[in-house]
Amino acid sequence: MLLKMTTNYTGAVASTWVLHLLAAHDAVRARLVEEVDRTLGRGVPSFEQLQKPATPYLDAVVAETLRLFPTSPFAARLATSTHRLGASGFVLPAGATLFIPIREIQFDEVRWGSNAADFVPERWLVADGDKRAPHPLSSMPFGYGMRRCPGERLAREQIKAIVAMFLQRFDVSSAVVPPSPSMPAAASAPTAAPKPKPTASAATAEKFVLWAKDDVAVRLRLR
């Protein structure tokens, strides 16, 4: 039960970020919609259809979203014995707590280049074994090793299924909305500002479904 509850929360939050990023990046959205329409059609996607060989761009979009918005900004590990770290010779004593800055690693320009802060799913479209492929430790939104999140596989599949089924049914676009008078103009955190009311003719076809940041909402229209 705990595993399912955890992955449901992770899947919901990550899927929201995917939709926000797709709304802000027209070319990425168009390419992903084309893949979803061609591969999945309008039916409920199967597990096999959601795997990387069948939907590689969907897999890349989810991976890039989790790189930019990891499920946890850091991880902590306890050293059970003394270790000497690499060429630096730094000694990590037994009993020390090691904090791993996941978000900083995933924004590291040495690993990801000068556009590390940009949303570029294409960076994941490289063959296994290719030297350009991201190092396994350069993006670890669910941790790494024996103590990585046990719900990672389920969460990733949930995110891909949610995003695919949204795109099967809705056109996604961005809507820049004036900030609420009670909020600073430069607010950067998610807000609970009231949703703008659509006109009567559009009420059944269009809804503002989320506030992500910078007062940008995601608009969904039925396809």
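**Surface and overall make-up**

I started with the accessible surface of the protein chain, which comes to about 13000 Å². Carbon and sulfur atoms hold 61% of that area. I note here that this is a predicted model, so I treat every value below as computed from it.

Next I checked burial: 38% of the 223 residues of the protein chain count as buried. Then I went through the secondary structure and found six helices and seven strands. Along the sequence I wrote the order down as α-α-α-β-β-β-β-α-α-α-β-β-β. I also looked up contact range. Among contacts with a separation of 6 or more, 65% are between residues 24 or more positions apart.

**Cores**

Which residues touch the most other members of the largest nonpolar core? I got Leu22, Leu32, Val61, Val163 and Leu167, out of 29 residues in that core. The elements that each give two or more residues to it are α1 (2-24), α2 (26-40), α3 (56-68), α6 (152-169) and β7 (216-222). I also found a second, separate core of five residues, with Ala60, Trp112, Ala116 and Trp124 among them.

I followed Leu167 a bit further. Setting aside residues up to four places away in sequence, Leu167 touches Leu22, Leu32, Val33, Val36, Val172 and Arg223.

**α3 against α6**

How do α3 and α6 pack? Their axes are 10 Å apart and the angle is about 115 degrees. I logged the crossing as right-handed. From α3 I have Leu58, Asp59, Val62, Ala63 and Leu66, meeting Arg156, Ile159, Lys160, Val163 and Ala164 from α6. I sorted the residues of this contact into seven nonpolar and three charged, with no polar ones.

**Arg156**

Beyond residues up to four places away in sequence, Arg156 touches Ala63, Leu66, Pro141 and Phe142. I took Leu66 for a distance check: Arg156 and Leu66 are 90 residues apart in sequence, and their C-alpha atoms are 9.5 Å apart in space.

**Ser139**

I found Ser139 in the loop between α5 (109-112) and α6. Is Ser139 buried or exposed? Ser139 counts as buried because its relative accessible area is 13%, with the limit set at under 20%. Not counting residues up to four places away in sequence, the contacts I listed for Ser139 are Arg67, Gln106, Trp112 and Trp124. Trp112 and Trp124 are also in the second core.

**Arg223**

Last entry: Arg223, in the segment after β7. I have Arg223 as partly exposed, because a relative accessible area of 35% falls between the 20% and 50% limits. Leaving aside neighbours within four places in sequence, I found Arg223 in contact with Val33, Asp37, Arg42, Leu167, Gln168, Arg169, Phe170 and Asp171. I also took the C-alpha separation of Arg223 and Val172, which is 9.6 Å for residues 51 apart along the chain. Both Val172 and Arg223 had already turned up on my contact list for Leu167.

Terms used:
Residues numbered from 1 in each chain as written. Predicted model: local features only at pLDDT ≥ 70, side-chain atom pairs only at ≥ 80, totals over all residues. Heavy atoms only, no water. Core = buried A, V, L, I, M, F, W, Y, C linked by side-chain atoms within 4.5 Å. Buried < 20%, exposed > 50% of the residue type's maximum accessible area, 1.4 Å probe, protein only. Helix = DSSP H or I, 4+ residues; strand = E, 2+ residues; numbered from the N terminus. Contact = heavy atoms within 4.5 Å. Areas by Shrake-Rupley, 256 points an atom, 1.4 Å probe, with all protein chains shown as cover. Axes fitted to C-alpha atoms, helices over the stretch in contact; angles between N-to-C directions. Left-handed = near helix turned anticlockwise from the far one by under 90°. Nonpolar A, V, L, I, M, F, W, Y, C, P; charged D, E, K, R; others polar.
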